[in-house]
Amino acid sequence: MSEAEKASKPGFFKNLKSEFKKCTWPKKEDLVKQSGLVIIVSLVLGVVIAGIDWVIRYGLQLLNIVS
């Protein structure tokens, strides 16, 4: 490791720490609401995809393509 790389590492972590301080983190209530919304949307999309799969499979069974 060169001297320049060694010298840059402490500066990197100082910059990283200062950047994390600039971040605005969500409040707990917002985080809970957004997480719940993601879970609900994921479940709804899963049901929709399963429904489409079932309809396609049923249609193919009617055509005797899939057993």
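Guide: Helix α2 holds both Asp 53 and Arg 57, four residues apart, about one turn of the helix. Helices here are DSSP runs (H or I, at least four residues; strands are E, at least two), numbered from the N terminus. The model is predicted: local features need pLDDT of at least 70, side-chain atom pairs count only at pLDDT 80 or more, and totals for chains, interfaces and linings use all residues. Residues are numbered from 1 along each chain as its sequence is written, and side-chain values use heavy atoms, with hydrogens and water left out.

Visitor: What makes the contact of Asp 53 and Arg 57 a salt bridge?

Guide: The N-to-O distance is 3.1 Å. The limit is 4 Å, from a side-chain nitrogen of Lys or Arg to a carboxyl oxygen of Asp or Glu, so the pair qualifies.

Visitor: Why are Asp 53 and Arg 57 called partly exposed?

Guide: Asp 53 has a relative accessible area of 39%, and Arg 57 has 44%. Buried means under 20%, exposed over 50%, and partly exposed in between (1.4 Å probe, protein chains only). Both therefore fall in the middle class.

Visitor: How many salt bridges does the structure hold?

Guide: Two. Lys 22 and Glu 19 form one, with their closest N and O atoms 3.2 Å apart. Both residues sit in helix α1, three residues apart, about one turn of the helix. Lys 22 is exposed because its relative accessible area is 60%. Glu 19 reaches 43%, so it counts as partly exposed.

Visitor: Which residues form the nonpolar surface patch?

Guide: Phe 12, Phe 13, Leu 16, Phe 20 and Trp 25, with about 590 Å² of accessible area together. Patch members have over 30% relative accessible area and no salt bridge; nonpolar side chains (Val, Leu, Ile, Met, Phe, Trp, Tyr) are joined within 5 Å, like charges within 9 Å. Areas come from the Shrake-Rupley method with a 1.4 Å probe; for residues, only the protein chains shown count as cover.

Visitor: Why is Trp 25 called exposed?

Guide: Its relative accessible area is 60%, so Trp 25 is exposed. Trp 25 lies in the loop between α1 (3-22) and α2 (28-62).

Visitor: What span does α2 reach, and what is expected?

Guide: α2 has 35 residues and runs 51 Å from first C-alpha to last, close to the expected 51 Å. That expectation is 1.5 Å times one less than the number of residues. Asn 64 follows α2, with a positive phi near 60°.
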